[in-house]
Amino acid sequence: MATNLKNLSDYDPGRIPDASNLKFGIVVSEWNEEITSALLEGAVNTLKKHQAAPENIFIKTVPGSFELTFGARIVARNYSPDAVICLGCVIKGETPHFNYICQSVSQGITELNLDYEIPFIFGVLTTNNLKEARDRAGGKYGNKGDEAAVTAIKMALLRHV
Ligand code: DLZ
């Protein structure tokens, strides 16, 4: 998870398997678009860096992180991907809304993982403020989109062991 002890883009590319035979769905939230577009760019670039074909990456947007679960389910059903990456950014406000959205999306993605035979990756930033989000969306702690893509490749291939 996002921590200031780890750069989210820091990994050994030589240890990531080839993704050329895999299909990926990506669902991305429009809320906090500055951040989520950076996460999306990181995820797509990382998938391509590991040989995923552009035509095998299916991207859909949803209004907010609360809708990621439903969007991910539709993408899984319509495109038969090997993994679905869910990208969002929830920033703490003055009301408990933050807690409800975080709880819902984490629980929803967990349930998708249990209900489907493919992995759904939790690429959602949950931060106290915009600066913490920027730090993790291409800033000083890397890009959680990169991390989510690497996780998606590893988990997609786990299905075939
Ligand atoms: C309503 C809301 C708020 C307050 N904050 C965020 C946020 O920080 N990040 C995010 O992705 N979405 C937020 N939303 C929108 C909800 O996720 C959802 O789209 C609406 O409640 C409609 O269901």
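Q: In which loop is asparagine 32 found?
A: This is a predicted model, in which local features need pLDDT of at least 70, side-chain atom pairs count only at pLDDT 80 or more, and totals for chains, interfaces and linings use all residues. Residues are numbered from 1 along each chain as its sequence is written, and side-chain values use heavy atoms, without hydrogens and water. Helices (H or I, at least four residues) and strands (E, at least two) are DSSP runs, numbered from the N terminus. Asparagine 32 is found in the loop between E1 and H1.

Q: What is the phi of asparagine 32?
A: Most residues other than glycine have a negative phi. Asparagine 32 is not glycine, yet its phi is positive, near 55 degrees.

Q: Is glutamine 51 buried, partly exposed or exposed?
A: Glutamine 51 is found in the loop between H1 and strand E2 (57-62). Buried means under 20% relative accessible area, exposed over 50%, and partly exposed in between (1.4 Å probe, protein chains only). The relative accessible area of glutamine 51 is 43%, so this residue counts as partly exposed.

Q: How are H1 and H5 oriented to each other?
A: The axes of H1 (residues 33-49) and H5 (residues 144-158) cross at roughly 40 degrees and come within 7 Å. Axes are lines fitted to C-alpha atoms, for helices over the stretch in contact, and angles run from 0 to 180 degrees between N-to-C directions. Angles under 35 degrees count as roughly parallel, over 145 as roughly antiparallel, 65 to 115 as roughly perpendicular and the rest as oblique. H1 and H5 are therefore oblique.

Q: Which residues of H5 meet H1?
A: Contact means heavy atoms within 4.5 Å. On the H1 side are Leu39, Gly42, Ala43, Thr46 and Leu47. Their partners in H5 are Lys144, Gly145, Asp146, Ala149, Val150 and Ile153.
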